[in-house]
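Here is a short note for your first look at this model. Please keep the structure open as you read the points.

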Amino acid sequence: MSPGASHTPPPVRDHLDRGRFPVHPWRLVERVFDASDMGKTETLFAVGNGYLGMRGNVEEGRETHQHGTFVNGFHETWSIQHAEEAFGFARVGQTIVNVPDVKVLRLYVDDEPLLLPIADLIEYDRSLDFHRGLLERGLVWRTPSGKRVRVDSRRMVSMTQRHLAVMTFEVTLLDSDAPVTISSQILNRQDGEDEYHVRSAAMGEGVDPRKAERFARRVLVPQTQWGDEEQGRMVLGYKCADSGMTLAVATDHTIETANDYTQRVQVEEDMAKTVYRVSARQGVPIRVTKVAAYHTSRGVPCRELVDRCRRTLDRVDDEGVEQQFRDQRAWFDAYWARSDVEVDDQPEVQQAVRWNLFQLAQASARAEGSGIPAKGVTGSGYGGHYFWDTEVYALPFLTYTSPACARAALRFRYNMLPAARKRAGQLTQDGALFPWRTINGEEASAYYAAGTAQYHIDADISYALSQYVHATGDHDFLEREAVDILVETARMWADLGFWRHNGGSSFHIHGVTGPDEYTTVVNDNLFTNVMARHNLRRAAQAVHELEDRWPQAYDRMVTRLSLAPDEVGEWEAAAEGMCIPFDAEQGINPQDAHFLEREVWDLEATPPDKRPLLLNYHPLVIYRFQVLKQADVVLALFLQGDEFSPEQKRANFDYYDPITTGDSTLSAVVQSIIAAEVGYHDLALRYFTAALFVDLADRHANASDGVHVASTGGVWNALVGGFGGFRDFRGVFTIDPRLPDSWPRLTYRLTIHGNRLRVSVTHEAVELEIEEGQEVRLSVRGEDVVVTAGTPVTVALDGQGPRLDGMPDPWPTHGAVRAPDGELVTASVPHAGGGSGR
């Protein structure tokens with residue numbers, strides 16, 4: 001949230017300067033260059049494919065906020081130094097590496113460089129094309145001597161060839177002849193430095209725990225370098241000093257021009273460049289094409305990676321560069337056919353929706369064998385780590401639009417299972433405990449209270465794979481791999497929790513942290529317990545299903561996991577006895593066993609310069625209050641909605657919404673969904689719009705660190721699950737829409753058991769049609785519906801559910817709330833010199 005913003009969402013409006021960023025249904029367009037917010041625009045105009053990502057740095061390579069080229073999972077390790085040691089603390093830090101940069105294409109006319117911040121730009125247009133999957137820029141530059149020069153460029157990271165990037169750079173002198181030099185480079189920037197070892201602007205920023213760690217030592221140790229002047233090919237190879245990971249990057253160059261020119265190739269340890277010196281004539285274009293290949297490994301020697309780069313580049317040489325652009329368009333044609341969400345008569349919303357969905361493709365499509373980092377491959381924020389929010393926010397989109405990508409992401413978690421078993425043992429638990437943040441499978445969070453203590457990640461992963469299996473019917477994955485995750489996570493919950501007998505038996509989970517990082521190490525966190533219950537039930541169900549339907553797979557699983565006969569019954573008993581906190585006096589579910597006993601943080605009275613709280617108050621101060629960073633109980637209402645009555649959902653939302661800060665980008669989307677469901681239709685749209693423009697409008701003032709990938713997934717959930725009303729509780733698919741009053745129609749697609757269903761919601765009806773496949777069964781407002789190919793179905797609607805005006809009463813400003821023991825708890829803001837107060 002930008003400084004000075006309230007914790008309540010802003011009114012619905014267009015958040016962008018349309019003079020600079022005009023509306024376009026399939027592009028993000030920039031009409032005016034502005035160096036003051038380069039960090040944001042470098043993120044917004046980044047290109048990637050889930051494996052390789054390139055920030056939207058200018059081609060000329062000097063002016064920057066943060067240089068950035070990233071390979072998913074390519075990281076350096078380092079020993080975490082704790083001020084005070086304790087058993088089981090995370091030991092190995094991991095940080096994504098800023099790999100050698102191939103984007104640089106420098107232009108000199110009359111030996112004067114094109115430098116955008118000071119250039120006389122007669123024309124400027126940059127666009128990220130969502131349908132063609134590429135970044136384009138066109139400009140006309142008046143040189144210091146008055147010559148006009150047209151410069152057009154394209155940049156693409158291929159979706160069809162995972163390791164490939166393609167760039168073109170075309171220069172035309174418009175009104176006179178002049179000597180032109182184009183220097184195409186590969187630069188090993190060492191944590192963002194340029195070739196002169198000058199750090200980018202981002203290096204001088206203040207302390208923020210969300211930013212990536214930076215190294216004072218050399219990270220990439222040179223292994224090989226060479227160039228071929230005749231072919232225009234250059235190669236650099238490196239090995240990470242500590243992690244041992246290896247990388248090779250290679251480029252090919254071609255020049256097309258009727259002008260006379262010379263070519264020179266120069267290769268050093270940290271720089272390789274091909275320089276074209278052209279005697280350029282007026283109106284005669286110069287076009288340089290640069291094709292780059294990146295290959296990485298956890299230990300394969302660089303010479304092998306160089307051979308792989310050669311094969312990638314040779315294949316492009318055989319197929320032609322333009323074929324790569326055609327293949328990219330065909331890939332995105334298919335992507336949008338199954339993924340597009342259409343909002344009629346809302347052009348600003350439509351553009352922003354497609355930008356968000358485009359980012360999900362760029363973060364996940366070719367991750368293959370790696371997870372989905374919190375920032376995708378658009379920036380170094382959060383160190384390139386994978387978190388629980390991938391499974392909760394991004395995986396639903398992939399499951400219902402690109403199930404192969406969802407499967408790849410879940411198989412990444414399966415391959416991490418040995419490390420998760422080891423981590424559980426370190427914390428004296430049975431089964432497996434997945435790391436809260438990681439790249440290589442080891443826990444990388446040095447702050448256990450808000451990190452390792454988030455045991456709910458086990459249940460989040462189990463939830464995502466259960467959702468995937470229900471939506472796809474992929475029983476092969478269930479019986480061979482997914483069941484192992486379900487069993488090992490169920491074992492962890494059964495061991496972590498304990499039974500309490502006091503007139504009845506209840507199962508409790510103590511000493512954990514839920515999604516809300518402003519409340520840590522608590523007993524019976526509502527979200528954790530509800531999700532653990534689902535995890536235990538689903539594990540038991542999966543074991544029974546294997547035993548009944550695939551006895552051979554069951555026998556193999558029992559042997560593989562040493563499953564004891566009484567374990568499944570233990571899980572079922574724990575699930576049925578799970579403590580679900582509930583306060584009958586207020587009719588709500590407390591976030592944890594003692595949450596309602598704490599003092600209430602009065603957000604209405606909190607000065608804007610004290611936001612976000614995590615950057616302005618010590619954690620211990622925050623932990624003493626009822627105040628939320630992330631939606632916690634409200635998230636449980638969404639993911640396990642069939643476990644709560646409509647009255648409970650309304651009461652919980654009314655209680656927690658006024659004390660949720662909005663300091664996390666993960667909150668607005670969930671608050672939008674539940675606000676829509678319980679009836680706050682205007683508030684739902686306000687929350688959705690705030691989430692939609694999180695990065696586009698830099699609402700949290702940290703878009704420079706990379707795209708908030710989980711938030712982009714949340715945008716899809718808010719559209720499809722919130723306004724579109726889609727739910728999928730345990731394989732039962734239902735639709736109960738809440739279309740905003742100002743939207744005439746919302747259309748989305750769902751792939752269920754291999755069949756693609758188009759859902760169109762209007763104020764009068766839900767229209768269902770099979771776009772691909774044969775049949776889908778679901779329920780619309782309680783009416784069972786079977787949709788078959790060639791036979792669309794229309795279900796009439798009587799309104800859009802309950803409608804409530806305004807928003808929940810901001811009760812903290814009333815001075816006090818009642819604790820479970822009946823005493824009043826005051827609302828205040830902590831300040832020095834007097835404890836808490838107004």
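1. A salt bridge here is a side-chain nitrogen of Lys or Arg within 4 Å of a carboxyl oxygen of Asp or Glu. E517 and K629 form one, with their closest N and O atoms 3.1 Å apart. E517 lies in the loop between strand 21 (505-508) and helix 10 (526-549), and K629 in the loop between strand 23 (625-626) and helix 14 (633-639), so the pair ties together parts 112 residues apart in sequence. Helices (H or I, at least four residues) and strands (E, at least two) are DSSP runs, numbered from the N terminus.

2. This is a predicted model: local features need pLDDT of at least 70, side-chain atom pairs count only at pLDDT 80 or more, and totals for chains, interfaces and linings use all residues. Residues are numbered from 1 along each chain as its sequence is written, and side-chain values use heavy atoms, without hydrogens and water.

3. Are E517 and K629 buried or exposed? Both are buried. Buried means under 20% relative accessible area, exposed over 50%, and partly exposed in between (1.4 Å probe, protein chains only).

4. D37 and R20 also meet in a salt bridge, at 2.7 Å from N to O. D37 lies in the loop between strand 1 (27-30) and helix 1 (38-44), and R20 in the segment before strand 1, so the pair ties together parts 17 residues apart in sequence. Both residues, D37 and R20, are buried.

5. R749 forms a salt bridge with E771, the closest N and O atoms being 3.5 Å apart. R749 sits in strand 26 (residues 746-752) and E771 in strand 28 (residues 765-772). R749 counts as buried because its relative accessibility is 10%. E771 is partly exposed, at 27%.
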